[in-house]
Amino acid sequence: MPLAVRRAVDLLVAVACLAVAGGAGAADVAALESTARTATQQLMQQIGGELKREFALSGTLRSVVVCKYSAPEVSSTVSKRYGAQVRRVSLRVRNPALGTPDPWEQRQLLDFDRRAASGEGAGGIEASELVHEPAGWYYRYMKAIPVADICLNCHGSADSLTAATSAQLAAEYPHDRAVGYQVGDIRGAVSYKILVDPEVAR
Ligand code: HEC
């Protein structure tokens, strides 16, 4: 093969390889997104399921206690299942130890509020990004959590909380900022974060 032709073939092979590598990266990201969505759904269904069950059985006061102990437990179970960090975050937290967003999460939450204010339905709002941090590359995903009727019992304005609920929340969460919401507001988001192979990020 003449040299010029061989160079051209080499170049074609190189371009083809790059295209394949690019394609593989996109497929990896699609797979990561699909897993993140499943994990998020599981977290929401499990916490929501326990809340509804307890609420129907024993009402608001006992449910506050269930939220306090079962929500962190569900987060930790789902995180272990996926080898990821899966938790709920918010710009106005009830439990600052668990729900305080990091800077990336804060940016997304602010953006989610903007998107909701410009008419996007809160239930469908999500975001994802490959992010480089000192410890490596992470795939990060977040999905908004909208406020529904049942939430108002514990996250609504003063007139939708009973005096007993307010007193219990004040006792359990002296720094509670997670009240004053209305149906359709964004209460926070599920955040999913997983360490990925640097190849995925290329
Ligand atoms: C029975 C009271 C109760 C109800 C009803 C309730 N929550 Fe909560 N919520 C809590 C408590 C208590 C916590 C703090 C849990 C903890 O200590 O981690 C909490 C925490 C959260 C958090 C985590 C961030 C933070 O502020 O600490 C989110 C997000 C959340 N609730 C959303 C909702 C949504 C959405 C609904 C309705 C579907 C809802 N909650 C209904 C009591 C309630």
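**Exercise 1.** Determine which elements each supply at least two residues of the lining of the largest pocket.

Solution. Step 1: the elements are H1, strand S1 (85–89), helix H2 (96–99), S3, H4 and strand S4 (186–196); helices (H or I, at least four residues) and strands (E, at least two) are DSSP runs, numbered from the N terminus. The model is predicted: local features need pLDDT of at least 70, side-chain atom pairs count only at pLDDT 80 or more, and totals for chains, interfaces and linings use all residues. Residues are numbered from 1 along each chain as its sequence is written, and side-chain values use heavy atoms, with hydrogens and water left out.

Step 1: a pocket is an open set of points on a 1 Å grid over the protein atoms alone, with protein on both sides within 12 Å along at least five of seven lines, whereas a cavity is a set where a 1.4 Å probe fits but cannot get out; lining residues have an atom within 4 Å of a point. H1 contributes the most to the pocket lining, with 16 residues.

Step 2: the lining comprises 44 residues, and Ile47, Arg88, Ile145, His155 and Arg187 lie nearest the centre of the pocket. By class, 25 are nonpolar, eleven polar and eight charged. The volume of this pocket is about 1100 Å³.

**Exercise 2.** State what takes up the space of the largest pocket, and describe the shell around it.

Solution. Step 1: the largest pocket is the space taken by the ligand. Two or more shell residues come from each of helix H1 (3–82), strand S3 (136–146) and H4.

Step 1: H1 provides the largest share of this shell, seven residues. The shell is made up of twelve nonpolar, four polar and four charged residues.

Step 2: among the 20 residues around the ligand (a heavy atom within 4 Å), those that come nearest are Cys151, Cys154, His155, Tyr173 and Arg187.

Conventions. Sits in = over half its atoms within 2 Å of the grid points. Nonpolar A, V, L, I, M, F, W, Y, C, P; charged D, E, K, R; others polar. Points joined across faces, edges and corners; volume = space filled by probe spheres on them.
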